[in-house]
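Dear colleague,

I am passing a structure on to you, with some notes on what was found in it. Please have a look at it before reading further.

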Amino acid sequence: IVKSKRAEQKNVNCKDLDQFKSDIENGLQSSPKTIPSMYFYDKKGDALFQDIMNLPEYYLTRSELDIFQNKTDELIKAMDLQADSYFELIELGAGDGLKTKELLKCLDINNFKFDYLPIDISSNALDLLEKDLNATLPNVSVKTKQGDYFKVLDALKLSKKPKIVLFLGSNIGNMTDDMASAFITKLGANLSAGDKLLLGVDLIKPQNIVLPAYNDSQGITAAFNINLLDRINTQLDADFNLNQFNHSPEYDEEKGIASSFIESTKQQSVEIKAIGKTFHFEKGEKIQTEVSRKYNDVLISKIILNTDFKLDTKIMDSKAYFADYILTR
Ligand code: AVI
């Protein structure tokens, strides 16, 4: 009863709250400590991520937008669309659709026949996107789908229309390589031969470019990371002192992996009442909160090796910071 009351107060679904609780308990009990990066995205985290995408240091969004604005014809050519066939353009985690709008505009001008199906966990983001597209691109058929990617894709399997799936923004980079392979394999199981996957990934680059993207001068990324502790305080009734933890990102240029950590600035204990446990932190001890993998052709080939996809085309921005790989099922 107590649990459901708390969930109600915070407007959180009980099943999600139970999952959050057990993920935090497991993560803080493991060594080294971890918190899954999916928990960044509460209301405040969503807004902070929106700010991150506009930061001068966060080149990822601008680089992929450069591709969608200036290489649209190449993208459409690589999608290998048949002039007379009606297809479905499905976007996983569409958000505000900033980049996709450039593609939609060009498809619309060229009279391609398709439905745009943005999938997102946030119904609020989908409502805003639909309104925006109805106003700016009234000829484009938009069918928003709220929910878990695979549940939605499973339902879409019934339609026999050719499908192009967009997974942009280097979102795949927040998975380990094994998870990424499993994810792409599962995607393949939900598509048919000839369908395409357009995978947007950040490329391996020197530390002086990558690290500032995760350690911006305005401290927005720091706030995004530390917001995890605030979320635990609010939803799980914990007493993290946010002033006693620092944002601490690293980049391993050889592996091409940026990692975010929250570092305890002193020896301290934190009680999480909803879990009924107290967790101890040494001075300098780190909680890993995210991996942001960067890629090259070899890594992409390895990741898709045992999936149903093969590599077709690679399209890069003008600085070669970012790539959209087009894979065929
Ligand atoms: C969503 N994802 C691709 C972002 C990234 O670059 O890994 C999340 C992020 N974390 C810190 N800044 C941005």
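Which residues are exposed on the other side of helix 8? Please keep in mind, before the answer, that this is a predicted model.

In helix 8 (residues 149-156), Phe150, Val152, Leu153 and Leu156 are buried, and because they cover an arc of only 160 degrees around the axis, they lie on the same side of helix 8. On the other side of helix 8, the exposed residues are Lys151 and Ala155. The buried residues of helix 8 pack against strand 2 (87-92), strand 3 (114-120), strand 5 (145-146), strand 6 (163-167) and helix 9 (177-189).

Finally, some backbone details in the loops. The peptide bond from Ser31 to Pro32 is cis, and Pro32 lies in the loop between helix 2 (14-29) and strand 1 (33-34). Asn111, in the loop between helix 6 (98-109) and strand 3, has a positive phi of about 60 degrees although it is not a glycine, and it counts as exposed at 55% relative accessibility. Ser170, in the loop between strand 6 and helix 9, has a positive phi near 60 degrees, but Ser170 is buried, with a relative accessible area of 6%.

Key
Residues are numbered from 1 along each chain as its sequence is written. This is a predicted model: local features need pLDDT of at least 70, side-chain atom pairs count only at pLDDT 80 or more; totals for chains, interfaces and linings use all residues. Side-chain values use heavy atoms; hydrogens and water are left out. Buried means under 20% relative accessible area, exposed over 50%, partly exposed in between (1.4 Å probe, protein chains only). Helices (H or I, at least four residues) and strands (E, at least two) are DSSP runs, numbered from the N terminus. The arc is that of the directions from the helix axis to the C-beta atoms. Contact means heavy atoms within 4.5 Å.
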